[in-house]
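Trainee: I would like to learn how to read strand pairing, helix packing and chain contacts in a model. Could we start with the strands?

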Amino acid sequence: MKRRALATTLLLLGLPAAADQWLTKPVDDRTFKTYLDFFAYNRQVPFDLRVLDTEDQQGVRREHVSFLSTPGVRVLANLYATAGQGPQKAAALILLHGGGALGKDAPTTKVLAPLFARAGWSVLTPDLQYFGERPSDLLTTFSEQEKHDRLYNQPPVYLAWITQSAKDVSRSLDLLVEQRGVDPKRIGVVGMSRGAIVASIVAGADRRLAAVALLYGGHFDALERDHLPAACPANYVGRISPRPLLMINGIHDADMIKDRAVAPLFNVARQPKRILWAETGHQAPTEEHQAALLQWLRENLK
Amino acid sequence: MKRALACLLLAASAFAGQWLAKPVDDRTFKTYLGFFAYDRQLPLELKILDVSEQDGVAREHLSFQSTPGVRVFAYFYRPVAALKRTPAVILLHGGGAVGKAGATTQAFGLTLARLGWGVLAIDLQYFGERSTDLLSTYTEQEKGDRLYNQPSVYLAWVGQTVKDVGRALDLLAAERNADPGRIALLGSSRGAVLGTIAAAAERRLAAVVLSYGGHMTAWEKGHLPAACPANYIGRISPRPLLMLNGTQDATFPRDTAVLPLHKLAKNPQQTLWFDTGHAAPNEEQRASIVKWLRESLK
């Protein structure tokens, strides 16, 4: 009976069997504006920034920090910067991790963040809610099955997660500007896998993000069935323009399938946009594409 | 950056009344419902903290999981002798620090349970046993500065409350032998403001009582449209609605906060005016509510 009731609720909410209608026709501006109301957050909440520890490695300083995002919700994050940064206002990147249990401390993030830092950006890598140092009872094994059963395929829980993530990223941006002297016009967002899905939504919602790179993301992964329209990348990615968008994807990716999940999403994106295809499955960007990404970021976050 | 925030507040305050004139359309309302949806498969993890008995009424002090990681504390009142499925009422308290433990809420809990109802009085987020750093003194000034007049924080609070009410309804039906077709909502003061929204969003609620509520208090500056009772009150119909208000209420002034909202309510509805200020319903008023609930939840 519970399942039937849930199914009825979803039916009432107009959730289709396959959540791809917005790939064909994204929601209009009026509906989009309503979404933005739910992503709004209070900038007056004190950050209560805490530096938990600091580590220097090969010229890059990593500060392990936490800050208050919304009332009672604390974000754990790493903040990377080259040790000898000058007094000029730097550019920065917010890097969103994929769906691994380790969150921001996953290998890909730990490789990309110092790479970006050495290239001159400050890099903030927040843990997304339920991941890394923000664990909860919701996810414990972090198996694909569990993540899909409890989060990605639970439309209301997923939308609440997306909403919190949007606020967390906007607060990350504020933190970089207000606490680390970053130029507010030169902050980009880079997302990896699940973090790329989140980034496509956040970038559509927070217009201050100046450049957007989505690594191995897409409309949804192969195990996802549905999401509410407010959590659908298709309703956001077209709104990133006129800010530049770069997508890097693998043609053999079995999670974010080229023809189903990636190409249709790229298709709803607007200019300036670019996509790089790698001869890979679902993985971290190749060295060649890391170099291309750095080059693209240099050109677009001058 | 502060300017952007000021703009947001300005927009909210300049237009707080616009939805009284013209509530949002069904398409926008449906978008709100998407944000208020919750996962019914999430375990309730009901915990009974203690049980007491008084004058034939048992009161369970309990907590349950509403949304992932968010626990609601509540009192469940029921007649000691109840064996059959009962009708039930969800109580939403006003803006006092003690939340569900406030005198008005306790009086309603005992009165209704004595008459054979199951009654679940939940703490709203930030109140009672769900106290946080956000509110500490619970002065009107603090509540206004940090919650009621912070449109984004307020909307998140409203959204959590709607979910909490949906889960309270699930709990009553699944765990406390309530007849799912006969569960009503009764909100007092701030709980009435939130109750207006929850009642429109949660269509399983069979009857709605708004006691000393309104569109917003005299010292509220504005809110986002998704948190505006004007966009919800007309959507409670065809379920019956009872509103009680005081003609001298300075918190929810009759002409600016109450009448314009009542005007949007649709039938079946009933309004009872009393010659009082912002008050707790007295025994006589409680009796009117009980009589109305009995008739509405037959």
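Mentor: This is a predicted model. Strands of a sheet pair through backbone hydrogen bonds, either parallel or antiparallel. Here, strand β4 (residues 92–96) of chain A and strand β5 (residues 122–126) of chain A are joined in the parallel sense by three bridges.

Trainee: Which residue of β5(A) is the bridge partner of I94(A)?

Mentor: L124(A) is the partner of I94(A).

Trainee: What is the strand order of the open sheet in chain A?

Mentor: The order is β1-β2-β3-β5-β4-β6-β7-β8-β9, nine strands with mixed pairing. β1 (50–57) and β9 (273–278) of chain A are the edge strands; each has a single partner, so one side of each has no neighbour in the sheet. Ignoring direction, neighbouring strands are turned by 20° against each other on average.

Trainee: Which strands does helix α4 of chain A touch?

Mentor: Helix α4 (residues 107–118) of chain A packs on the sheet against β2 (60–70), β3 (73–82), β4, β5 and β6 (187–192) of chain A, and its direction makes about 50° with that of β3(A). Another helix, α7(A), lies across β4, β6 and β7 (212–215) of chain A and runs at about 145° to β6(A).

Trainee: How do I read the packing of one helix on another?

Mentor: Two packed helices are described by the angle between their axes and the distance between the axes. In chain A, helix α6 (residues 155–180) and helix α7 (residues 194–205) pack at about 60°, with axes 10 Å apart. That angle makes α6(A) oblique to α7(A). The crossing is right-handed. From α6(A), I162(A), S165(A), A166(A) and V169(A) meet V198(A), I201(A), V202(A) and A205(A) of α7(A). By class, the contact has seven nonpolar residues, one polar and no charged.

Trainee: At what angle do α6 and α7 of chain B pack?

Mentor: Helix α6 (residues 151–175) and helix α7 (residues 190–201) of chain B pack at about 55°, with axes 9 Å apart. α6(B) is therefore oblique to α7(B). α6(B) passes α7(B) in a right-handed crossing. V158(B), T161(B), V162(B) and V165(B) of α6(B) make the contact with L194(B), I197(B), A198(B) and A201(B) of α7(B).

Trainee: How many residues of chain B are in contact with chain A?

Mentor: In chain B, 29 residues are in contact with 29 residues of chain A. α1 (2–14), α3 (26–36) and α6 of chain B each supply at least two residues to that side. α3(B) gives the most, with six residues. The side of chain B that touches chain A has 16 nonpolar, nine polar and four charged residues.

Key: Residues are numbered from 1 along each chain as its sequence is written. Chains are lettered from A and ligands numbered from 1 in the order in which they are written. This is a predicted model: local features need pLDDT of at least 70, side-chain atom pairs count only at pLDDT 80 or more; totals for chains, interfaces and linings use all residues. Axes are lines fitted to C-alpha atoms, for helices over the stretch in contact, and angles run from 0 to 180 degrees between N-to-C directions. Helices (H or I, at least four residues) and strands (E, at least two) are DSSP runs, numbered from the N terminus. Angles under 35 degrees count as roughly parallel, over 145 as roughly antiparallel, 65 to 115 as roughly perpendicular and the rest as oblique. A crossing is left-handed if the near helix is turned anticlockwise from the far one by less than a right angle, and right-handed if clockwise. Two residues are in contact if their C-beta atoms, placed from the backbone, lie within 7 Å. Ala, Val, Leu, Ile, Met, Phe, Trp, Tyr, Cys and Pro count as nonpolar, Asp, Glu, Lys and Arg as charged, and the others, Gly among them, as polar. Two strands pair if DSSP finds at least two bridges between them.
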